[in-house]
Amino acid sequence: MGETTIIGTLEKMLYRDDLSGNSLFALKSDDYKEYYSKYGTITVSGNIPNYIRGMTLKCVGSFIKKENGSLFVMNSCSEVAIDNAKTATYIVALAVGINQKMANQIVEKLGSDIFKVCLSFNALDRLMSVEGMTRAQANMLCEKVRRTVVERELFEELYPFKVPYSCAARLARELGSIAGKRLALEPYTIGMLIGGIPFKNIDLYAQSLGISRMGQPRLFAACWDAVRREIRHGHTYADYPSVIKRASALMQENDGQDYGASFLSQGINANSYLTYES
């Protein structure tokens, strides 16, 4: 079977790596019953945001046969409009301090599209029109929704380059609504500051934007990644030639060019990276 689209409800998260976003979960769907597990669900594997149980998802991918059953390997995933009850459950999970009763009142008065409500120009007034809703609660819910939107936009942008969801979340938390613009303007610098994004991944993203391969930001980022690798291995010192060699190899891995001479001509002082990290 080729590429397939499945719409279903997230029944259970079987496994999730919060750092990378790689997940294995059970999806309840009325379609493709021949691929059901013994629990009456479809087992799906892929990289997704931290969705909660009950959310309706649209998954695109393909089925593969395994020894113990079938697995749906997902290429992309998006949310589908959900009803009031599921929206209320989502609000409770998203915003600490808003209970189920308050969440039910929000969706009954304002509808199930909580993202549209919280992103509107008069969001605070609309939320505070709900009986018992304080300004602090309204502010918190709006902030959570705005951050979630930024996180998911960043994740969708970076997904082809295998950047973990946790890094998209960190970008959104540190830079807020301008995270996407800052990342597009300074991918290497932002990648170094946020951490957790391997040079190879941020380099591929930067190249997709047409950023110069010979610019200092790329050279610095490669050196920074090389030094961090030494630190992760427990080393407290890395000599200049070793850092240059490793950084050159990182850059060469993505485009096949030898950058050793370029590094030397730029006169990068690898010791400054070690000093900064410590």
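User: Which residues in α5 meet which residues in α6?

Analyst: This is a predicted model, in which local features need pLDDT of at least 70, side-chain atom pairs count only at pLDDT 80 or more, and totals for chains, interfaces and linings use all residues. Residues are numbered from 1 along each chain as its sequence is written, and side-chain values use heavy atoms, with hydrogens and water left out. From α5, the residues Arg147, Val150, Glu151, Arg152, Leu154, Phe155 and Leu158 meet Tyr165, Ala168, Ala169, Leu171, Ala172 and Arg173 of α6. Contact means heavy atoms within 4.5 Å. Helices (H or I, at least four residues) and strands (E, at least two) are DSSP runs, numbered from the N terminus.

User: What classes of residue make up the contact of α5 with α6?

Analyst: The contact of α5 with α6 has nine nonpolar, no polar and four charged residues. Here Ala, Val, Leu, Ile, Met, Phe, Trp, Tyr, Cys and Pro count as nonpolar, Asp, Glu, Lys and Arg as charged, and the others, Gly among them, as polar.

User: Why is α5 called oblique to α6?

Analyst: Helix α5 (residues 135-158) and helix α6 (residues 165-175) pack at an angle of about 135°, with their axes 8 Å apart. Angles under 35 degrees count as roughly parallel, over 145 as roughly antiparallel, 65 to 115 as roughly perpendicular and the rest as oblique. The angle of about 135° therefore makes α5 oblique to α6. Axes are lines fitted to C-alpha atoms, for helices over the stretch in contact, and angles run from 0 to 180 degrees between N-to-C directions.

User: Why is Arg152 called buried?

Analyst: Buried means under 20% relative accessible area, exposed over 50%, and partly exposed in between (1.4 Å probe, protein chains only). Arg152, in helix α5, has 12% relative accessibility and therefore counts as buried. Leaving aside neighbours within four places in sequence, Arg152 is in contact with Pro49, Tyr51, Glu79, Tyr90, Phe115 and Tyr165.

User: Why does Tyr32 count as partly exposed?

Analyst: Tyr32 has 24% relative accessibility, so it counts as partly exposed. Tyr32 lies in the loop between β2 (22-28) and β3 (42-47). Most residues other than glycine have a negative phi. Tyr32 has a positive phi of about 55° although it is not a glycine.

User: How do you know that Cys77 is in no disulfide?

Analyst: A disulfide is a pair of cysteine sulfur atoms within 2.5 Å. A search of the whole structure finds zero disulfides. For Cys77, the nearest cysteine sulfur, that of Cys59, is 3.9 Å away, and Cys77 is in no disulfide.

User: What makes Cys77 and Cys223 buried?

Analyst: Cys77 has a relative accessible area of 19% and is therefore buried. Cys223 is buried because its relative accessible area is 0%.

User: How many helices and strands does the protein chain have?

Analyst: The protein chain has 13 helices and five strands. Buried residues make up 44% of its 278 residues.
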